[in-house]
Amino acid sequence: MIIEPIVKGVVARNSHPAGCKQAILNQINYVKTAKPIESGAQKVLILGASSGFGLASRVSLAFGGASADTIGVSFERGPSDKGVGSAGWYNNIYFREQAEQAGLIAKNFVGDAFSPAMRAQVIEYIRAEFGGKVDLVVYSLATGIRPNPETGEMWRSSIKTVGEPVTGPTINIETDTMEQMTVGTATEQEIIDTEKVMGGEDWESWIEILSEAGVLATGCKTLAYSYIGGKSTYPIYHQGTLGRAKTHLHTTSDKLNEKLSAIGGSAHVSVCKALVTKASVYIPAFSPYILALYKVMKQQGTHETCIEQMQRLFSERVYTSGVTPIDSERLIRIDDWELDASVQQEVDKLIAKITPDNFAEVGDYEGYKTEFMQLNGFGFAEVDYQTRVDFDSLTQLQP
Ligand code: NAD
Ligand code: NA
């Protein structure tokens, strides 16, 4: 069959395996030529390893100087009668192939990272086949639902404001149009539920359980990712429900840092740059900011994608010979280039000009859409999309 992209709104309904492989190769090639991680993690567990920042962390740690063995946990869909499957499914497979060719362990667990069963499987694997301990745990889950471990009922996050509603334009990738939409105000319950899904509770629980199981190495570090963003985005992000959840995550990192200091380890949150990922395109009224940011950062030569961000994070922040640089709230700031004053000034000017008629010229819509399509394996010059893909052989591929 020939695989054509299927996009509904801002959600990709399929992926191209050959393009996913190309994306993995490109990321590997990038980190091999970038400033290396001098010495760092050897045994890493990544929760949310199949796309975005988690996948980039995995590639960076394996191929960017540290030669780490990795365990990746993710929630992805393989080929079935419903279709070819999700990009993350193929990312897992092709990452593992490349890592194994380089003599590294790359174990994939596909399933619900929130479940007790997943924790048990991972611990069992660390003990039996991964040398008994991990020295880094990366927490990079992004999702809209989390089961309550006590009742099994679902908490659902809401991407809403706290206080006043905000009306702003948002991109529809399917139709290449910009539509006005209103981001409503969250109820107290919606704020709490969003904290449950995207805050630090599950991260803390993972670290507790790994610690109790005795599988955290002396000096073990843990990291989670956050976003703060430019002032123009505060009403929809930093001061909204997602920002509340991130504040919870930041507080959790302080707790975990205390706990891990007992074994000479540490916990940090790294604040990252706004990027096009499966998760971020979903944030209403956020796209004009990303369009403007991409335009300005590309003009200034400071644009990075997930892989550049993660390689810089590990080589210049986390695994440096000195102490990890942090801000007054103990956060690692790898969003420094995004928040550069001259960048934000230009971004504000562009956002003021963006309308549903001119967004593709004023902002970097081409870059936005290209990155989105490539996340799903489409739009790589190196891939011949007219070559037929054999569905049966896809079903033979195992994570
Ligand atoms: P993403 O959608 O690309 O990746 C999310 C990962 O979580 C995937 O591997 C997915 O399979 C996994 N996942 C989701 N639900 C799961 C479940 N129940 N069980 C197991 N795995 C599950 O998202 P991303 O943008 O890379 O986000 C990762 C983190 O980075 C989030 O904390 C996000 O807030 C943060 N962040 C993102 C941006 C951005 O602009 N994209 C900026 C700063 C920080
Ligand atoms: Na991720």
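Trainee: At what angle do helix H1 and helix H3 pack?

Mentor: This is a predicted model. To describe a helix pair, one takes the axes, their angle and their separation. Helix H1, residues 17-33, packs against helix H3, residues 87-101, at an angle of about 50°. The axes of these two helices are 9 Å apart.

Trainee: Let us turn to the ligand. How many residues surround ligand 1, and which are the closest?

Mentor: One begins with the shell. Around ligand 1 there are 30 residues, and the closest are Ser50, Ala113, Lys246, Leu275 and Thr277. By class, this shell comprises 14 nonpolar, eleven polar and five charged residues. Helix H2 (52-63) and strand E11 (216-226) each contribute at least two residues to the shell.

Trainee: Which backbone atoms lie close to polar atoms of ligand 1?

Mentor: For this, one looks at pairs of N or O atoms within 3.5 Å. A polar backbone atom of Gly111 is 3.3 Å from a nitrogen atom of ligand 1. Oxygen atoms of the ligand take part as well: one lies 3.4 Å from a backbone N or O atom of Ala142, and a backbone N or O atom of Tyr225 is 3.3 Å from an oxygen atom of ligand 1. As for cover, ligand 1 has 840 Å² of accessible area on its own, and the protein covers 94% of that area.

Conventions
Residues are numbered from 1 along each chain as its sequence is written. Chains are lettered from A and ligands numbered from 1 in the order in which they are written. This is a predicted model: local features need pLDDT of at least 70, side-chain atom pairs count only at pLDDT 80 or more; totals for chains, interfaces and linings use all residues. Side-chain values use heavy atoms; hydrogens and water are left out. A residue is near a molecule or strand if one of its heavy atoms lies within 4 Å of it. A polar contact is a pair of N or O atoms within 3.5 Å; within protein, one must be able to donate a hydrogen and the other to accept it, and residues adjacent in sequence count only if both atoms are side-chain atoms. Accessible areas come from the Shrake-Rupley method with a 1.4 Å probe; for residues, only the protein chains shown count as cover. Helices (H or I, at least four residues) and strands (E, at least two) are DSSP runs, numbered from the N terminus. Ala, Val, Leu, Ile, Met, Phe, Trp, Tyr, Cys and Pro count as nonpolar, Asp, Glu, Lys and Arg as charged, and the others, Gly among them, as polar. Axes are lines fitted to C-alpha atoms, for helices over the stretch in contact, and angles run from 0 to 180 degrees between N-to-C directions.
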